[in-house]
Amino acid sequence: MRMVYTGADEEDFIDARQRLLVELDAWSQMRQRTIDPVVAGAMLDYRYERDGLLGRWTREILRGALLTWFPRKVVLLDPHSSAVLTTVEALLDFLDDADLFDERSEPPSVLRSFLRGIADRFDEEMREPSNFGLAKFWAVAMAEHGIDPLDESEAQEFIDSVQHGEVEVDQDLLHDIAYRHYEGDPEVEPLEPTPVFALASDEDLAGEAGGLPVLRRLRRFVGWVGDGRELAAKGRLSESDARDLADCIGDPDPAALVSLAKTAGLVRVLKGRLVRVKRAEPLLSDPLALWRASLPHVLASRDEPVRRRSADRILAYELLESVQADDECATVPMLVEILDDLGELTWRSADSAPVLRVLDRLAEYGLVEVCPATEEHYEDLIDFAGVDSVEDVPEEERQVVRMLPLGARAMYDARVEAGVPTLTLEDMSAETAEVFFARVGPLSQESFDEGTQLWLAARQPQEAIAELSALARRTDDFEHRMLAFQLLAEYGEPGVEAIADLREHSAAGPAALSWLLDAGLIDESEVRGRERAYSMVDVLAAGIRSAGRKKAMEEFAAQPRPAQLLFLADATICGHPHTREVLESMVVAHPDRMVSNAARKALDWLHEPEE
């Protein structure tokens, strides 16, 4: 079963949580362990909200969950430690027994001892009203007055009665809780995944920076300044110098060039003259250093004082951060929406002009590239533009923005300087295989390949083969399993033998067979119907999650109809945990009515109770 949901869609996590709770219930009955599914579900919710590592547990994690998050958020009929901690201990034992425990977890014996040691403190924290979150405060207050918090009309009437003074609550306590809520409570709020940066070498970045026209103009400008230039009123270039500068360098905006040179520390004003800064001259022969010195001219830093920021520089940072967060690629209409979230700007606009203007500046400094959108981005264009077809999207907005290596370096440096958690491919090489696949898999193929080599180099071959084989057996994520096979193949014959050894495994076997078949290592006549069906369910389930039902079904429908119907016959008996999801998608989204109806019948058969 997949256990890493860092940055995953909430729907995917909810499905995984439900499967885990079903298996936990079955395990608890066999082991005669008492569990409260509400408590177990809440613990999994906490892990999803914090970092998505459902199988990683330490004393620090348990402390945050049970002594802060539970008191803030969780309302239980029986909040006593004996009921809650018994369930938590059972959950940890289940994960350990089912081989779902992350290898970076602390030993179960250590965690059990910790749970027993915090029982009294847990009870105290759960009883203390000042520990409640805002939603829990109201839920408890309503319950004390016989109001069902889930009844929206009754709940609103109760709140109105409190506001009108008809029902008394502790107003001082409410004020403190509300203040903490609106100020932000980082110990319990969901965390955004820490981004992973694939950073180019300084040598490569210097090559990219050296080719930027803006830096060439900057060097020529410093040469033009020479021994100094007399300035006119208010520290501006004289009209004649401005014309001469425009003619010599071809820059239509001499004032902006002067400002850039000042920002980079290459020139300064001294006694009414614009003069060169001698100690900064080494920058002129170091493209990467010159680029870094120039960057503040276009990009505000995360921790820069508000008074020094300009609207365009703020927007530049927000746009670049959004492109980075969207797997380093975003459409212009998506970026336009950012304007609505920047209330501190001195301008507000519903059109794309400010975004396009700032993107041009980011491209000028080598941070991004802006190019025409292709068909794969049309759905995104339509959704964010709020139109019916691509033709309705303004032509200037039918563009895609991609992060360039200099842009990735700029964002990485900005986060590090601000003390914000940041990861690199080198950091991910020390992670488990599943975490590595979940975090690095969505990056570009080039970044994934680089990360793969770092991950493989960080461990001994036998260690890596064992970990990858274990992941292939355990996970129900098709893409992760195939990535495990891909890395196993990097070890040549020992890795291929490890894949072949999985052939008879109930879950990984069909996928291993499919890989061996595609690699030409076995003959197609050796593939049994169940194995083929299991592999196809794997592929379809992965396609539904990544591309959506419609696209996945269109690709499946490209096969001959008899082959599709034969698959349906085998799918119901192949035993794949996602069979129902795939059949439901076929019923709803398959373009061929005959296949759709056949999928409905197969789904009905799958639902029939056993006699």
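Predicted model: local features only at pLDDT ≥ 70, side-chain atom pairs only at ≥ 80, totals over all residues.
Biologist: How many aromatic pairs does the structure hold?

Modeller: The structure holds 14 aromatic pairs. Planes under 30 degrees apart count as stacked. The ring centres of F13 and Y48 lie 4.2 Å apart with planes at 5°, so this pair is stacked. F13 belongs to helix α1 (residues 10-31) and Y48 to helix α2 (residues 37-50), so the pair ties together parts that are 35 residues apart in sequence.

Biologist: Is F13 buried or exposed?

Modeller: Buried means under 20% relative accessible area. F13 has 2% relative accessibility and therefore counts as buried.

Biologist: Which class does the pair of F436 and F448 fall into, stacked or tilted?

Modeller: The centres of these two rings are 5.9 Å apart and their planes stand at 40°, so the pair of F436 and F448 is tilted. This pair links distant parts of the chain, with F436 in helix α21 (residues 433-440) and F448 in helix α22 (residues 445-457), 12 residues apart. Both F436 and F448 are buried.

Biologist: Which residues form an aromatic cluster?

Modeller: One aromatic cluster is formed by Y46, W69, F70 and F122. The charged end of R47 sits over the ring of W57, 5.5 Å from its centre. Likewise, R229 lies over the face of W224, at 3.8 Å from the ring centre.

Biologist: How is a helix such as α2 to be read, and what span does α2 reach from its first C-alpha to its last?

Modeller: An α-helix has 3.6 residues a turn, so residues three or four places apart point the same way. In this model, α2 has 14 residues and reaches 20 Å from its first C-alpha to its last, close to the 20 Å expected at 1.5 Å a residue.

Biologist: How many residues of α2 are buried, and what covers them?

Modeller: Helix α2 is mostly covered, with 11 of its 14 residues buried. Among them are Y46, R47 and Y48. The buried residues of α2 are covered by elements including α1, α3 (59-73) and α4 (81-97).

Biologist: What is found at the start of α2 and just after α2?

Modeller: At the start of α2, a side-chain oxygen of D36 comes within 2.9 Å of the backbone nitrogen of V38. Just after α2, G52 takes a positive phi of about 80°.

Biologist: Where is the place of S105, and what does S105 touch?

Modeller: S105 is in the loop between α4 and α5 (108-117). Its relative accessibility is 14%, so S105 counts as buried. Not counting residues up to four places away in sequence, S105 touches G55, R56 and W57. The side chain of S105 reaches the backbone oxygen of G55 at 3.0 Å. A polar atom of the S105 side chain also lies 2.9 Å from the backbone nitrogen of W57.

Biologist: Which domains does the domain assignment give, and how many residues does the contact between domain 2 and domain 3 take from each?

Modeller: The domain assignment of the chain gives domain 1 (10-183), domain 2 (202-285), domain 3 (306-417), domain 4 (424-526) and domain 5 (529-607). The C-alpha centres of domain 2 and domain 3 lie 28 Å apart. Their contact takes eight residues from domain 2 and six residues from domain 3.

Technical notes: Residues numbered from 1 in each chain as written. Heavy atoms only, no water. Phe/Tyr/Trp six-rings, centres within 6.5 Å; stacked < 30°, edge-to-face > 60°. Helix = DSSP H or I, 4+ residues; strand = E, 2+ residues; numbered from the N terminus. Buried < 20%, exposed > 50% of the residue type's maximum accessible area, 1.4 Å probe, protein only. Lys NZ or Arg CZ within 6 Å of the ring centre and 35° of its normal. Expected span 1.5 Å × (residues − 1). Contact = heavy atoms within 4.5 Å. Polar contact = N/O pair within 3.5 Å; in protein donor to acceptor, adjacent residues only side chain to side chain. Domains from an automatic or database assignment.
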